[in-house]
Structure formats: C-alpha cells, structure tokens
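Please keep the sequence and the structure in view while reading.

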Amino acid sequence: SLAQQAALALENARLFQATEQRTAQLQALTEVCGTITSSLQSDELIASLLDQLRSVVNYETATLWLREGEQLNIVAANGFADEESRIGLTVAVADSILFQQMDANQHAIAVADIRQDERFPALLEPENYAWLGIPLVAKGRLIGMIALEKKESGYYRDDLVQVAITFASQAAVALENARLFE
C-alpha cells in the first residue's frame, strides 16, 4: 500500500512537472508567434526566426532553408561554428530525398537516430543524432523547411514535433506576408 502511494505521488509529481513545462512552452509559443507575425521585413524576419524557435523547441543546430524554384537555399543557420559559411549553400530539390518527401505529404519528418536512417549519408560520425525537418507551407505549397538537430537520440518526440509544426505554420505565414508586402 505504501509503495503504491509512493508510486502514485511520483507519477503525480511527474504529471505536474510536465503540465508546467507544456504551459511554459505554449506561453512562449504564443509570444513568439505574435512577434514573428508582426514583422514585414523579410531579412529581419529570417534573421530572427531560428532564435525565436529556440525559445520554443530546443536544438543544438538549426538551418532555415527556403525554396527558390527547384533549389533549396540556406538563408539562416544557428548553432554551427561556421554559420556564416553555411548561409547561401544551395541544393537541388531533386537531390534531397527528405525535402521531396516533405513536399509530397507536407508533414514534419522526425528521425530518432540519423545513424540508423538510409536517407542520411554515413560519411562522417555525426555529433548530433536526432533530426527534425519541419515544413514551411504557405498557400498550400512548400516554401521551405527548418531542420533541427539534437545530440540525444529520439529527442524530438510527438509533443515537440507538434509545437515545432505550430511555430513553422506561423513562420511560413509571416515569411509569405513579408514577401507580399515587399
């Protein structure tokens, strides 16, 4: 009986902590979405998106890719030692299996461990194992994506993916509004 009560108390404490964490996450998401949707300057918005995302979903590294025709361009990077050299890198959409999959179904792709996924080349030993690709969809078409990495395998659980998708939806609308305004 005592063991059951102790287990119940521990479970209640875990649930309370999880609830507090979700509340803080939703509050941060609300604030961030208000901030990004109020900006109508593309450069300013692009420069701040990954920093804003970090307050909602934690990551080690992040890249913001925007689509221009059949090309994907890195327009912002965060968490890399060589961030500046990554900005401007271009990849053909045809060369990105992950982006093609995202384009086909417009869903986020969470990879628990990239070492176990054939879509990631095994050329080097990665520093980060978990990967999350979040589509940026505006007016029903894929305009880009945000790619996140985390050291811990399986870090991007369903709850974090949902928060990231919500952020990405607002970011895509803000990017499209800024483009139209300009």
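Over the ring of which residue does the charged end of Lys-150 sit? The charged end of Lys-150 lies over the ring of Tyr-155, 5.0 Å from its centre. A charge counts as sitting over a ring if NZ of Lys or CZ of Arg is within 6 Å of the ring centre and within 35 degrees of the ring normal.

This is a predicted model, in which local features need pLDDT of at least 70 and side-chain atom pairs count only at pLDDT 80 or more, while totals for chains, interfaces and linings use all residues. Residues are numbered from 1 along each chain as its sequence is written, and side-chain values use heavy atoms, with hydrogens and water left out.

**Rings and charges**

- Arg-54 is placed over the face of Tyr-59, at 4.1 Å from the ring centre.
- Two aromatic pairs are found in a search of the whole structure; rings of Phe, Tyr and Trp (its six-membered ring) pair if their centres lie within 6.5 Å, and planes under 30 degrees apart count as stacked, over 60 as edge-to-face and the rest as tilted.
- Phe-120 and Trp-131 form an edge-to-face pair, with 5.4 Å from centre to centre and 70° between the planes.
- This pair links distant parts of the chain, 11 residues apart: Phe-120 is in the loop between strand S4 (109–111) and strand S5 (130–138), and Trp-131 is in strand S5.
- Tyr-155 and Tyr-156 form an edge-to-face pair as well, at 5.1 Å centre to centre and 90° between the planes.
- Both Tyr-155 and Tyr-156 are buried (under 20% relative accessible area, with exposed over 50% and partly exposed in between; 1.4 Å probe, protein chains only).

- Helices (H or I, at least four residues) and strands (E, at least two) are DSSP runs, numbered from the N terminus.
- Strand S1 (residues 61–68) is largely enclosed by the rest of the structure, because six of its eight residues are buried.
- Two strands pair if DSSP finds at least two bridges between them.
- S1 runs antiparallel to strand S6 (residues 141–150), joined by six bridges, and Thr-63 has Ala-147 as its bridge partner in S6.
- Seven bridges join S1 to the antiparallel strand S2 (residues 71–78), where Ile-74 is the bridge partner of Trp-65.
- S1 and S2 form a hairpin with two residues between them, and Gly-69 in the turn has a positive phi of about 65°.
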